[in-house]
Amino acid sequence: MAGAVNREALSRWRLILGEAAEGDLGRYAGQGEIGLTDDERIMDRALAAIYDQTAPGEAGASGSGSGARGAGQGKSAPRLAQWLGDVRTFFPEDVVSVIQHDAMERKGWKQLLFEPEVLASVKPDIHLVGTLLSLKGKIPEKTKDTARMLVQAVVDELVKRMSHELQRAVTGALNCRRHTPLPSLSGIDWKRTIQRNLKHYDAERQRIIPERFYYFDRAKRSKEWTVIVDIDQSGSMAESVIWASVVGSIFASMPALDTRVVVFDTEVVDLTEQCANDPVDMLFGIQLGGGTNIDKSVAYCEQFITEPKKTLFILISDLYEGGNQSRLIRRMREMKEAGVKTLCLLALSDEGKPFYDEQLARAFARDGTPSFACTPAMLPELVEGALQGKDLAELVKRLEGRGRTQA
């Protein structure tokens with residue numbers, strides 16, 4: 001007979017391996033069956049609905065009659081809502097997100113998100129938002145309000161997670177420059193300074209010796225840096241698009257930054273206004289999927305670079321370019337040579353190593369644009385380093401050494 005500790009371990013293995021392992025585990029325990037508790041049986045049914053192919057019974061509606069348990073294209077939304085409730089009751093939050101994601105991907109339950117009672121039962125997470133955005137053109141009117149509430153809940157959570165650190169990074173970097181005993185050259189009103197000091201022209205030296213420098217007033221200098229966030233909205237970038245939208249909205253809220261937010265596939269859409277007003281509106285304006293023309297989007301963004309040395313350009317893309325790759329490489333190189341701080345984020349998420357075009361990423365890196373997968377926790381330090389004029393390639397290497405990037 002298995003002891004209390006062994007019994008708990010066996011029941012966990014039984015839940016992991018499924019009903020097919022019942023006999024082997026029972027023999028190991030010296031008994032016919034493991035003897036799951038009532039709660040464990042509910043957990044077992046919830047897991048079997050997604051991960052077992054031959055288990056009897058249903059959590060949702062049956063599929064094609066093959067015996068596999070799952071929702072298929074059936075219409076049993078109430079039972080699926082109950083299944084979602086069981087999952088949220090008996091599993092930790094991080095596990096709930098994984099199970100929900102697997103249910104969508106493995107069992108094709110996405111269509112059932114159109115049912116209000118089902119959508120109201122799910123746990124809001126970034127994977128679910130990605131799924132909703134990919135289906136948004138098909139969401140019926142009766143479900144749109146619930147879908148928007150779920151997206152809003154996730155966006156609010158991401159803003160809460162990121163806002164303080166990004167605000168600290170930007171204000172810290174700019175305040176550091178303001179505290180220098182020497183006034184900033186970038187704030188000098190040269191036209192006014194020259195006009196007011198013409199009487200101090202030194203004929204012998206053939207130059208003006210200014211008695212006083214004039215600076216733009218604080219209001220005119222409030223937008224100290226331009227930050228351009230250029231986002232690939234192809235389907236593979238769904239999670240990065242969500243994070244990037246949140247980051248763009250935080251940047252847009254800072255008076256010191258002139259923020260532009262652009263998304264692209266084969267076309268380019270400027271969503272700066274929507275992002276500044278409501279990142280949820282921006283997300284619902286994004287069309288996940290389609291082709292990719294990075295070169296076209298970078299060309300569009302170039303018009304906003306009026307002071308290269310005070311511009312941060314962040315390209316968020318897996319670099320699978322469908323446009324002119326050689327011209328894209330040249331554009332990025334010329335942007336960097338002009339003094340723009342450039343970054344290419346192959347992914348902006350908490351996920352693992354992304355798929356990306358390694359050849360193009362190496363070409364960018366060779367020309368001075370670091371190209372790497374970035375976690376949200378890492379981004380504030382990168383932004384702060386850019387605004388302080390640090391070498392971003394060296395900064396990325398140091399962060400990689402700390403194990404905070406996955407290139």
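What share of the contacts in the chain with a separation of 6 or more comes from residues 24 or more positions apart? They account for 72% of those contacts. The model is predicted.

**The chain as a whole**

The chain has 407 residues, and 47% of them are buried. Its fold is built with 17 helices and nine strands. The chain exposes about 20600 Å². Carbon and sulfur atoms supply 50% of that area.

**Helix H15**

Helix H15 spans residues 358-366. Its buried residues are Leu360, Ala361, Ala363 and Phe364. They cover an arc of only 160° around the axis, so they lie on the same side of H15. The face turned away from that side carries exposed residues: Gln359, Arg362 and Arg366.

| Element packed against H15 | Residues |
|---|---|
| strand E6 | 311-316 |
| helix H14 | 325-337 |
| strand E7 | 341-348 |
| strand E8 | 371-374 |

Both ends of the helix have features to look for. At the start of H15, a side-chain oxygen of Asp357 comes within 3.1 Å of the backbone nitrogen of Gln359. Gly368 follows H15 and has a positive phi, near 105°.

**A nonpolar surface patch**

Trp190, Ile194 and Leu198 form a nonpolar patch on the surface. Together they have about 310 Å² of accessible area. Leu198 sits in the loop between helix H9 (190-196) and strand E1 (201-202). Is Leu198 buried or exposed? Leu198 has a relative accessible area of 52%, so it counts as exposed, the cut-off being over 50%.

Definitions and conventions. Residues numbered from 1 in each chain as written. Predicted model: local features only at pLDDT ≥ 70, side-chain atom pairs only at ≥ 80, totals over all residues. Heavy atoms only, no water. Patch = residues over 30% accessible without salt bridge, like charges linked within 9 Å, V, L, I, M, F, W, Y side chains within 5 Å. Areas by Shrake-Rupley, 256 points an atom, 1.4 Å probe, with all protein chains shown as cover. Salt bridge = Lys/Arg side-chain N within 4 Å of Asp/Glu carboxyl O. Helix = DSSP H or I, 4+ residues; strand = E, 2+ residues; numbered from the N terminus. Buried < 20%, exposed > 50% of the residue type's maximum accessible area, 1.4 Å probe, protein only. Contact = heavy atoms within 4.5 Å. Arc of directions from axis to C-beta. Polar contact = N/O pair within 3.5 Å; in protein donor to acceptor, adjacent residues only side chain to side chain.
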